[in-house]
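Please read it alongside the sequence and the coordinates.

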Amino acid sequence: MGYSRDVYEQACAVLAHRRQKAEADAAELRARVCREHPEASEWERRMQAGAAKIAQIILAGGDVTAAMKQVQDENLQMQANLRELLASLGETATDFSPRYTCEKCHDTGRLEHSPCECMRALLAEFAAKRLSEISGMKLTRLSDMDLSFYSDEVLPELGRSPREHMQSVLEYCRCYGEDFHPGAESLLLFGTTGTGKTHASLAIARTVIEQGYSVIYASAQQIFHRLEKEHFGREDGDSESVLAECDLLVLDDLGTEMTTSFTTSCLYNIINLRMLADRPTVISTNLTAADWQGRYGQALTSRVLGTFQPLWFVGADIRQAKMARRLQE
Ligand SMILES: [Zn+2]
């Protein structure tokens, strides 16, 4: 499990800002109210004195119960005074304590033994945002993908329409994302350009990220470009092991990169290491089975085609269909 460091830093920065703002607002309210209504600081002083008084009573060994009751009653009275004063001033606060966004963790993001829900929500939000920036695409959910762009005419080789077929493919992807776990199977999303593979792979990445798993999403071109730079010493980094070790690697558009013996051996290493460690990979590609052999050779082809769950993306080019629809509007 894990998010990248900058995602953590972004979430922590938001929490720190919330915390500081809540505390500064409370201090400002206290200063303002006490300046105009000095009796409020007297009530506060008496409430603080109450705690010391209880200690004194216990030490003195007198009638502790009766004395405690008196202190508590006085405290309640002071609290009520302050509450009434603040209400009469039109303030929504009922006392001078900071009003945190998250009451559970007081905007620290931490509970005793685990991260707070508010921290998890921020991490998922920033990780998804980052994914959207990296991919340059608006993130969709699998349930939001528009099936009407797929043809409803029966395709003989499928025995059903692309729309019907894609409904079950997208449902498969949705379940995969939602039930993701270490050791889940790997997926091969294949089909011609513009059939929704990138959208589906992004939506899977997003769903898995939201559950707190570490996900790397990148196009094959980006990944190999980076690996080449590192390999030939133009840049520092350890991308190969990062790619091998994340919980889910989503490799988009495989086959569009310039294939060299270097890229082929990198791809083989990464996929091999991930398989040995039972870490799933999602690949989307326009390549056909025959293309695989020619490009990546027998060893890698049989690894991927033999073990990845293939999902065929069919239908007319959705981008063209969308464009045509827009032009008609
Ligand atoms: Zn919280």
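## Zinc site

Four donors count as tetrahedral if all angles lie between 85 and 135 degrees, and donors are N, O and S atoms within 2.8 Å of the metal (3.2 Å for Na, K and Ca), with water not among the atoms, so sites may look incomplete. This is a predicted model, in which local features need pLDDT of at least 70 and side-chain atom pairs count only at pLDDT 80 or more, while totals for chains, interfaces and linings use all residues. Residues are numbered from 1 along each chain as its sequence is written, and side-chain values use heavy atoms, with hydrogens and water left out.

The zinc ion has as its protein donors the SG atoms of Cys102, Cys105, Cys116 and Cys118, which lie 2.2 to 2.3 Å from it. The angles among the four donor atoms are 101 to 117 degrees, and the site is tetrahedral. Along the sequence, the donor residues follow the spacing C-x2-C-x10-C-x1-C. Cysteine 102 and cysteine 116, 14 residues apart, both lie in the loop between helix H3 (64–88) and H4, where helices are DSSP runs (H or I, at least four residues) numbered from the N terminus.

## Packing of H2 with H3

Helix H2 (residues 39–60) packs with H3 at an angle of about 165 degrees, their axes being 9 Å apart; the axes are lines fitted to C-alpha atoms over the stretch in contact, and angles run from 0 to 180 degrees between N-to-C directions. H2 and H3 are therefore roughly antiparallel to each other, a term for angles over 145 degrees.

Contact means heavy atoms within 4.5 Å, and the residues of H2 that meet H3 include Trp43, Met47, Ile54 and Ile58, while those on the H3 side include Val64, Met68, Val71 and Leu85. The residues of this contact divide into 13 nonpolar, four polar and three charged.

## Packing of H4 with H6

Helix H4 (residues 117–135) and helix H6 (residues 197–210) pack at about 155 degrees, with axes 9 Å apart, and the two are therefore roughly antiparallel to each other. From H4, Ala124, Ala127, Ala128, Leu131 and Ser135 meet Leu202, Ala205, Arg206, Ile209 and Glu210 of H6. By class, this contact has seven nonpolar, one polar and two charged residues.

## Glutamate 245

Glutamate 245 is placed in helix H8 (residues 239–245). Leaving aside residues up to four places away in sequence, glutamate 245 touches Arg274 and Arg279. Its C-alpha atom is separated by 55 Å from that of arginine 83, 162 residues apart along the chain.

Note on methods: Parallel < 35°, antiparallel > 145°, perpendicular 65-115°, else oblique. Nonpolar A, V, L, I, M, F, W, Y, C, P; charged D, E, K, R; others polar. Tetrahedral: all angles 85-135°; square planar, octahedral: opposite > 155°, others 65-115°.
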